[in-house]
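Try each task before you read its solution.

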Amino acid sequence: GNEGFAADETYLRQVLKYMRSPVLECGTGGTTILCDMQEIETYSLEQDKEWAADVLRFIRDVGVIDAPLKDYGGYYWYDVQVDLPMHFGLVICDGPYIDKSRGEQVYSAWRYGVLPWLKSTGRTFDVLLLDDVNDPRGAALLERWQREFGVGVRTVEATDGICAVVTSAR
């Protein structure tokens, strides 16, 4: 029921390649089911309660966290009100959904919030996979992350998009 937002085969292969427990997933869907099938400790942030309920019908062990979006001044990110691990082997970033009605600055910031949130909470990661890098906002987002957080970036092309493998500067 979310074809326009579903992860493609190349992205799912990258998820499997870098899958290390625990996983933080930003946005639920096909990757949530994949993590559940692999029995990997996974925490999934979801802004849409109805969509989360649909996904929960297909999984057993993934912790889906109701996390509505919060204004952090210039960007929106999930409002996480639960305890999570301090280190993630993999961060799967295929959300949140940000539409243009929130204004150009917020729309352009798109998925930016994952790195400031990790840093501000003292959390670390090994690998972050960013989906939909071919989105017009993708290149600017990756450049901003490199500039502000010193992360490494490598892109992986697919038939219907591009994803980025982001590695922590630590």
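**Exercise 1.** Find what share of the residues in the chain is buried.

*Solution.* This is a predicted model. Step one: take the chain length, 170 residues. Step two: apply the cut-off, since buried means under 20% relative accessible area. Buried residues make up 51% of the chain.

**Exercise 2.** How does the radius of gyration of the chain compare with the globule rule?

*Solution.* Start with the elements: the chain has 6 helices and 9 strands. Its radius of gyration is 15 Å, and the globule rule gives 15 Å for 170 residues, so the chain is as compact as a globular protein of that length.

**Exercise 3.** How many disulfides does a search of the whole structure find?

*Solution.* Recall the bond: a disulfide joins the sulfur atoms of two cysteines covalently. Here the cut-off is 2.5 Å between the sulfurs. The search finds 0 disulfides. Check Cys26: the nearest cysteine sulfur belongs to Cys93 and is 4.5 Å away. Check Cys35: its closest cysteine sulfur, in Cys26, is 11 Å away, too far for a bond. Cys26 is buried, at 0% relative accessibility. Cys35 is buried too, with a relative accessible area of 0%.

**Exercise 4.** Describe the surroundings of Val114.

*Solution.* Locate Val114 in helix H5, residues 114-120. Val114 has a relative accessible area of 0%, so Val114 counts as buried. Next, set aside neighbours within four places in sequence. Val114 then contacts Cys26, Trp77, Val91, Cys93, Leu128 and Trp145.

Methods
Residues are numbered from 1 along each chain as its sequence is written. This is a predicted model: local features need pLDDT of at least 70, side-chain atom pairs count only at pLDDT 80 or more; totals for chains, interfaces and linings use all residues. Side-chain values use heavy atoms; hydrogens and water are left out. Buried means under 20% relative accessible area, exposed over 50%, partly exposed in between (1.4 Å probe, protein chains only). Helices (H or I, at least four residues) and strands (E, at least two) are DSSP runs, numbered from the N terminus. Contact means heavy atoms within 4.5 Å. The radius of gyration is taken over C-alpha atoms; the globule rule is 2.2 Å times the number of residues to the power 0.38.
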